[in-house]
Amino acid sequence: KARTALGAYLSKYPHGVFANKAHYYKAESHYQLNETKEALAEYDAVLNNNWSEFSERSATKAASIAFLGDDHAKAITYYGMLRNSAMNKSTLQDAYKGLMNSSYILKRYAEAAAYADTVLSLPELPEQANLEATYIKAMALQQDNKAEHALPIFQKLAASKKQSVAAQANYYVAEMH
């Protein structure tokens, strides 16, 4: 019912005082109903207006929808918006991790390694995020034919307490030798 009422308001007042708020809550309604395509269109409407109290949450959800929908180029756009306006450390970490992972998936290895460096430089980075960024950096360097730079990172990862990471790192160290 909320989705229908908000749609009616937006039809009648597309540039009304509460249009941005209506787009956001309509997007949330679609999101809750797993109507991701419709939700993304409404989040876009919020993000295409002036930055507001709904923009950061819209960029976060839009990036997530695009990433999970395998539209990583679009996810990079949303994560970039999020990075440029992040209001707290956690959101900034999420933005850079999204940029790093999307760049890696799109085989933009130099960008992925650079974003990994940025993630690693962030204060109060959780151990799991540190491990993920280190691994992505090593993989990106290896894929970018910079094995000589990737090798010491993989050697460091080989000592990881997380067995799956250590095993993969040991494999890549052996492969490089």
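**Helix α2 in a predicted model**

Trainee: How do you know that helix α2 has the span expected of a helix?

Mentor: Helix α2, residues 19-32, has 14 residues and reaches 20 Å from its first C-alpha to its last, close to the 20 Å expected at 1.5 Å a residue; the expected span is 1.5 Å times one less than the number of residues. Helices are DSSP runs of H or I with at least four residues, strands are runs of E with at least two, and both are numbered from the N terminus. This is a predicted model, in which local features need pLDDT of at least 70, side-chain atom pairs count only at pLDDT 80 or more, and totals for chains, interfaces and linings use all residues. Residues are numbered from 1 along each chain as its sequence is written, and side-chain values use heavy atoms, with hydrogens and water left out.

Trainee: Why is α2 called largely enclosed?

Mentor: Buried means under 20% relative accessible area, exposed over 50%, and partly exposed in between, with a 1.4 Å probe and protein chains only. Ten of the 14 residues of α2 are buried, so α2 is largely enclosed by the rest of the structure; among them are Ala22, Tyr24 and His30.

Trainee: What covers the buried residues of α2?

Mentor: With contact meaning heavy atoms within 4.5 Å, the cover includes α1 (2-12), α3 (36-47) and α4 (55-68).

Trainee: How many helices and strands are there in the protein chain?

Mentor: The protein chain has ten helices and zero strands, and 45% of its 177 residues count as buried.

Trainee: Which residue with a positive phi follows α2?

Mentor: That residue is Asn34, with a phi near 60 degrees.
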